Amino acid sequence: IEGHHSWVSHPQLQAIFADVTTQNDIYGRHISRFITLVGMPSLMMDETPEQQHIVDVFIRDLLQADPTGVSIPDGVSAREFLAEMLRGQLGQMSGRDHGELSNAEVLDAVEYLVFPNFTPWPGFGLPIVYRYRPDGANPESCIVDIMLLAEVPSDGPRPRNAPITWISGEDWTEAPELGSLGTVFNQDRANITRMQRGLKTGPKRTVTLSSYQEVRIRHHAQTLDSYLEVSP
């Protein structure tokens with residue numbers, strides 16, 4: 001289950017994701033959410049990077065574009081600059097005016113988990129949807145659907161649905177349409193694989209979760225237990 005993105009999991013992004021200060025929210029039995037500020041560095045960095053460096057990392061490592069020649073005007077933060085840049089790019093792609101969108105809507109990593117298996121990212125900057133499905137009767141694996149969304153253009157016919165790319169789960173870069181996210185998902189898969197093994201090897205036989213940063217994992221497990229009628 002997605003908890004929050006850590007600089008340990010994705011060190012190449014620590015200059016642009018404020019992971020340590022991620023906000024976690026619980027809504028009733030079935031919905032949880034995290035919000036991570038983008039365009040601000042992780043507090044785990046040894047030194048606070050310059051604002052220009054934040055912009056360069058965002059363009060190079062997340063957008064996979066060349067940041068050469070892109071410079072921040074005096075008095076403008078990296079977060080403000082990147083949000084305005086994305087508003088312009090979104091407008092060019094869709095033909096719509098995005099001037100009314102807040103910085104958070106166009107830039108931040110906002111992820112919801114709708115019990116039991118639906119995870120949309122409603123932001124315009126990271127329009128991702130996850131869906132988890134059973135892999136037959138195999139409890140050791142599952143099918144993970146990852147969808148990257150885009151606004152329907154304001155003019156012209158609606159684009160055809162993108163074709164499905166099936167991969168084994170070993171190397172997400174086999175789906176080039178994921179762009180830089182392929183590397184991110186590879187890091188997630190490596191961590192999850194080790195965690196799944198570790199859950200079976202510890203003598204404790206139970207899991208200890210942190211009180212805040214892993215509250216969404218606990219919430220999901222408690223909701224699942226309530227449906228399975230498992231006593232505490």
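# Close-up views of a predicted protein model

**Overview: the whole chain.** Among contacts (heavy atoms within 4.5 Å) in the protein between residues at least 6 apart in sequence, 50% join residues at least 24 apart. This is a predicted model, where local features need pLDDT of at least 70 and side-chain atom pairs count only at pLDDT 80 or more, while totals for chains, interfaces and linings use all residues. Residues are numbered from 1 along each chain as its sequence is written, and side-chain values use heavy atoms, with hydrogens and water left out.

The protein has five helices and six strands. Both are DSSP runs, numbered from the N terminus: helices are H or I with at least four residues, strands are E with at least two. Along the sequence, the pattern reads β-β-α-α-α-β-β-β-β-α-α. The C-alpha trace spans about 55 × 50 × 35 Å along its principal axes. A compact globule with 232 residues would have a radius of gyration near 17 Å; the protein has 19 Å, which agrees. (This radius is taken over C-alpha atoms, and the globule rule is 2.2 Å times the number of residues to the power 0.38.)

**Overview: surface and interior.** The protein exposes about 14300 Å², and carbon and sulfur atoms supply 57% of that area. Accessible areas come from the Shrake-Rupley method with a 1.4 Å probe; for residues, only the protein chains shown count as cover. Of the 232 residues, 34% count as buried. Buried means under 20% relative accessible area, exposed means over 50%, and partly exposed lies in between (1.4 Å probe, protein chains only).

**View 1: helix α4 and its cover.** Helix α4 runs over residues 181-201. At 1.5 Å a residue, its 21 residues should span 30 Å, and its end C-alpha atoms are 31 Å apart, which agrees. (The expected span is 1.5 Å times one less than the number of residues.) Which residues of α4 are buried? They are Leu 181, Gly 182, Val 184, Phe 185, Asn 186 and Asp 188. Their cover includes β5 (128-135) and β6 (138-148).

**View 2: Gly 182 in helix α4.** Gly 182 is found in helix α4. Gly 182 counts as buried because its relative accessible area is 0%. Leaving aside neighbours within four places in sequence, Gly 182 is in contact with Trp 172 and Thr 173. Asp 171 is eleven residues from Gly 182 along the chain, and their C-alpha atoms are separated by 7.8 Å.

**View 3: a salt bridge between Asp 108 and Arg 79.** A search of the whole structure finds ten salt bridges. (A salt bridge is a side-chain nitrogen of Lys or Arg within 4 Å of a carboxyl oxygen of Asp or Glu.) In one of them, Asp 108 pairs with Arg 79, and the closest N and O atoms are 2.6 Å apart. This pair links distant parts of the chain, 29 residues apart: Asp 108 sits in the loop between α3 (103-107) and β3, Arg 79 in helix α2. Are these two residues buried or exposed? Asp 108 is buried, and so is Arg 79.

**View 4: a salt bridge between Arg 96 and Glu 151.** The side chains of Arg 96 and Glu 151 meet in a salt bridge (3.8 Å, N to O). Arg 96 lies in the loop between α2 and α3, and Glu 151 in the loop between β6 and α4; the pair links distant parts of the chain, 55 residues apart. Arg 96 is partly exposed, at 37% relative accessible area. Glu 151 is partly exposed too, at 29%.

**View 5: Ser 94 and its contacts.** Ser 94 lies in helix α2. Ser 94 counts as buried because its relative accessibility is 4%. Leaving aside neighbours within four places in sequence, Ser 94 is in contact with Glu 151, Pro 153 and Ser 154.

View 6: The side chains of Asp 145 and Arg 133 meet in a salt bridge (2.8 Å, N to O). Asp 145 lies in strand β6 and Arg 133 in strand β5, so the pair ties together parts that are twelve residues apart in sequence. Asp 145 counts as buried, at 11% relative accessibility. Arg 133 counts as partly exposed, at 30%. Salt bridges that share partners join Arg 131, Arg 133 and Asp 145 into one network.

**View 7: the backbone at Pro 116 and Gln 64.** A cis peptide bond joins Phe 115 and Pro 116, with omega about 5°. Pro 116 is in the loop between β3 (109-114) and β4 (118-120). Gln 64 is not a glycine, although its phi is positive, about 55°. Gln 64 lies in the loop between α1 (51-62) and α2 (78-94). Gln 64 counts as exposed, at 53% relative accessibility.

How values were computed:
Expected span 1.5 Å × (residues − 1).
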